[in-house]
Amino acid sequence: MLNIVLFGPPGAGKGTQSQKIISKYNLKHLSTGDMLRSAIQRQTENGVEAQKFMDRGELAPDEIVIGIIGRCLDKHNGTANGFVFDGFPRTTVQAAELDVLVGQRNSSVSLMLGLEVEYDELILRLENRANYSGRADDADITIIKNRIDVYNQRTRPVMEFYKEQGKYVGIKGMGSVDEIFQRICNAVELVENR
Ligand code: AMP
């Protein structure tokens with residue numbers, strides 16, 4: 001199985017690149033952000049709880065997102081070639097739990113691809129995205145900046161977790177969508193040929 005953790009700050013291009021990766025390698029896309037927005041729309045208990053955090057650009061509670069991912073892995077167990085985890089894990093607790101969840105299914109995380117994008121470019125992309133994403137958390141510069149701060153404080157350490165396991169590959173996330181995708185494919189193919 002090919003299990004890819006796609007990592008990077010808000011606006012790094014995780015969603016766009018996920019779509020290209022899943023179609024080339026025939027993987028399932030697991031975006032906790034998308035799943036939480038769907039839970040909010042359906043006004044489930046988890047959705048109502050998570051929204052309080054998402055509206056401020058904070059992270060939803062670990063137990064909620066871990067529960068969501070566990071149920072998704074069960075749903076696709078035995079039927080998928082692997083997964084692209086997009087926006088998960090975002091804390092070291094989530095990272096440790098992901099190892100347990102995939103380990104219980106006789107699998108493991110293959111690699112983490114970290115999209116590296118400069119701060120000013122992230123702000124520009126997110127402000128631009130606000131014009132078409134319909135996302136409340138893209139529409140307010142204070143919330144955008146808070147999401148990047150939260151990334152730096154709580155999520156960046158997850159990179160170290162995978163570096164220690166020798167699984168981190170940094171990908172320059174500037175340039176055209178296709179240029180970035182080519183860098184990703186080069187990194188994936190190195191792992192596949194290992
Ligand atoms: P995203 O679509 O990945 O940008 O996520 C949007 C928002 O959903 C984030 O700002 C968080 O509030 C929440 N969220 C998504 N994934 C996670 C996660 N793995 N852990 C905690 N909160 C998350």
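In which sense, left-handed or right-handed, does helix 2 pass helix 3? In this predicted model, the crossing is left-handed. The two helices pack at an angle of about 120°. Their axes lie 8 Å apart. Helix 2 contributes G33, L36, R37, A39 and I40 to the contact. Helix 3 contributes G47, A50, Q51 and M54. By class, five residues of this contact are nonpolar, three are polar and one is charged.

Helix 3 spans residues 45-54. Within helix 3, G47, A50 and M54 are buried. Viewed down the axis of helix 3, these buried residues fall within an arc of 70°, so they line one face of the helix. The cover over them includes helix 2, residues 32-41, and helix 4, residues 62-76. G47, A50 and M54 also take part in the contact with helix 2.

The relative accessible area of I171 is 3%. I171 therefore counts as buried, the cut-off being under 20%. Neighbours within four places in sequence are left aside in what follows.

Methods. Residues numbered from 1 in each chain as written. Predicted model: local features only at pLDDT ≥ 70, side-chain atom pairs only at ≥ 80, totals over all residues. Heavy atoms only, no water. Buried < 20%, exposed > 50% of the residue type's maximum accessible area, 1.4 Å probe, protein only. Helix = DSSP H or I, 4+ residues; strand = E, 2+ residues; numbered from the N terminus. Arc of directions from axis to C-beta. Contact = heavy atoms within 4.5 Å. Axes fitted to C-alpha atoms, helices over the stretch in contact; angles between N-to-C directions. Left-handed = near helix turned anticlockwise from the far one by under 90°. Nonpolar A, V, L, I, M, F, W, Y, C, P; charged D, E, K, R; others polar.
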